[in-house]
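Hi everyone, thanks for coming. Let me put the structure up, and then I'll walk you through a few parts of it.

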Amino acid sequence: MTDRTAIPVSVLTGFLGSGKTTVLGHLLRQPEFSRTAVIINEFGEIGLDHELVEASEDSFVELTTGCLCCKVRTDLAETLQDLLRRRDEGSCVRFDRIVIETSGLADPAPILQTLMTDAGLAERLVLGSVATTVDAVNGAGTLEREDVSQKQVAVADRIVLTKLDLAGAAETTLLARLKSLNSGAPLLSADHGRIGSHDLFAAGLYDPATKSIDVEGWLADEDREHSHSSHHAEIEACAIVRERPIPAIALTLFLETLAEHCGADLLRLKGIVNIAENPDQPAVIHGVQHVFHAPAWLQRWPSDDRRSRIVVIGRRIPRRWIEVLLDAIGAEVDDVFPGSSRSWAGR
Amino acid sequence: MPGDLVRELLVESLAAWRVAGDVEHATDGSIILRANQRSIRVERAPAGSMFRWMVTIDDRKRPAISLVAILRQLREAIDPGYPAKRVRVTVAPLVPP
């Protein structure tokens, strides 16, 4: 019989040489990471990383080559479908989580999009969290030079500093750069790859422990009132908070307009929204670039805080534009549907 | 809805699109946007119209059903690099069943 419990898929990314494989190798030796299917992507025709990862007997490693983000629509989806089929048939370990280690050159956004949009996968898999490794020795320079490394940091739920034994401590400039790119992602440290597995992958929208949606954890530590940027940083994170419920049509128009006008510059958006038509059940929204996951409806608010909180991570998207766009669309919806004005006007 | 909010939306939209220009209120209550050597007038549609807005670009007046439609028309007019594309965010119900 096919087990239809959603299987979380976590993504481990980070630039070339930042220590992803070392961290993964450590994780797979932990008891709580048994029954894990791992997909390792390597750039180049001959893969080595999968040989370097020693998995327990209850876990196993699949290898794909080529640039995962370029071929992701087909290769990753097919690999995941094949894993699920073999699991259902009993021809492989009955894994209860999947970890994807991207190549160091991969843009993680298309990978996340595939996990969110492939209809065949969406009913079986749920996006877990995204962890990004950053080399404490070379990380600052890499972030300065390599756009893709900035994106890897920007979409992370957790950032893992590696090679601290070589660097002694992360440079102030590196920490400031990480904060400017993604202030909401807690910074963790890996000691020769050793890191708590719960710490690393506990920040996903889906909580494997409770088999529920952990919104508070997902949005934890996001600065809710400020944008974070530096004068030279193109990628910024900002949080939009609204006290009053948002009409459903206003939210839809807002998201469509963001996606239409920002395209690939909209790296990631996540939020919990108080919908005016249904204020007792918050909607959880999640988008990567122009692709948005269908809202997930929670049974109840996870805390007494019923404000809508939307976190936007983008490249050169002015915070003020996002705010005014939401407010203007809300005001127009008030004009057209006067009954909704009670819920929106005055924020 | 407040005209100042619409004006601010257009100002901030120019910044978001990284297009140089300016936006001002005209004496008749309409809003004039100038960018890329074009002058564009945005005004409320006449009472009784099925549209909410009228957008005049190069003497051609076109209706717009919403602010979202205005933004699309403006950007197509002043940002040559804008790949006009329509996106569909979700086919899921907007409210839970």
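Let's begin with a turn. Strand 1 and strand 2 of chain B make a hairpin with five residues between them, and in that turn B:G29 has a positive phi of about 95°. Strands count as paired if DSSP finds at least two bridges between them.

Before I go on, a word on the source: this is a predicted model, local features need pLDDT of at least 70, side-chain atom pairs count only at pLDDT 80 or more, and totals for chains, interfaces and linings use all residues. Residues are numbered from 1 along each chain as its sequence is written, while chains are lettered from A and ligands numbered from 1 in the order in which they are written.

Back to chain B. Strand 1 (residues 21–25) runs antiparallel to strand 2, with five bridges joining them. Strand 2 also pairs with strand 3 (residues 38–44), again antiparallel and over five bridges. Which residues does B:I32 face? Its bridge partner is B:E24 on one side, and B:R41 in strand 3 stands opposite it on the other. The hairpin of strands 2 and 3 has two residues between the strands, and there B:N36 takes a positive phi near 50°. Strand 2 (residues 31–35) has a covered face of B:I31, B:L33 and B:A35, while B:I32 and B:R34 make up the uncovered one.

Now the contact between the chains. Chain A gives 31 residues and chain B gives 23, where contact means C-beta atoms, placed from the backbone, within 7 Å. On the chain A side, helix 13 (248–262) and helix 14 (319–336) each supply at least two residues.

Over to chain A itself. Helix 8 (residues 147–154) is mostly covered, with six of its eight residues buried; among them are A:S149 and A:K151. Buried means 20 or more other C-beta atoms within 10 Å of the residue's own, exposed means 12 or fewer, and partly exposed is in between; the C-beta atoms are placed from the backbone.

Is A:A119 buried or exposed? A:A119 is found in helix 6 (residues 119–122), and it counts as exposed because it has 7 C-beta neighbours inside 10 Å.

Last stop: A:V312. Leaving aside neighbours within four places in sequence, A:V312 is in contact with A:C238, A:I240, A:L269, A:I317 and A:I322. Thanks, and I'm happy to take questions!

Notes
Helices (H or I, at least four residues) and strands (E, at least two) are DSSP runs, numbered from the N terminus. Two residues are in contact if their C-beta atoms, placed from the backbone, lie within 7 Å.
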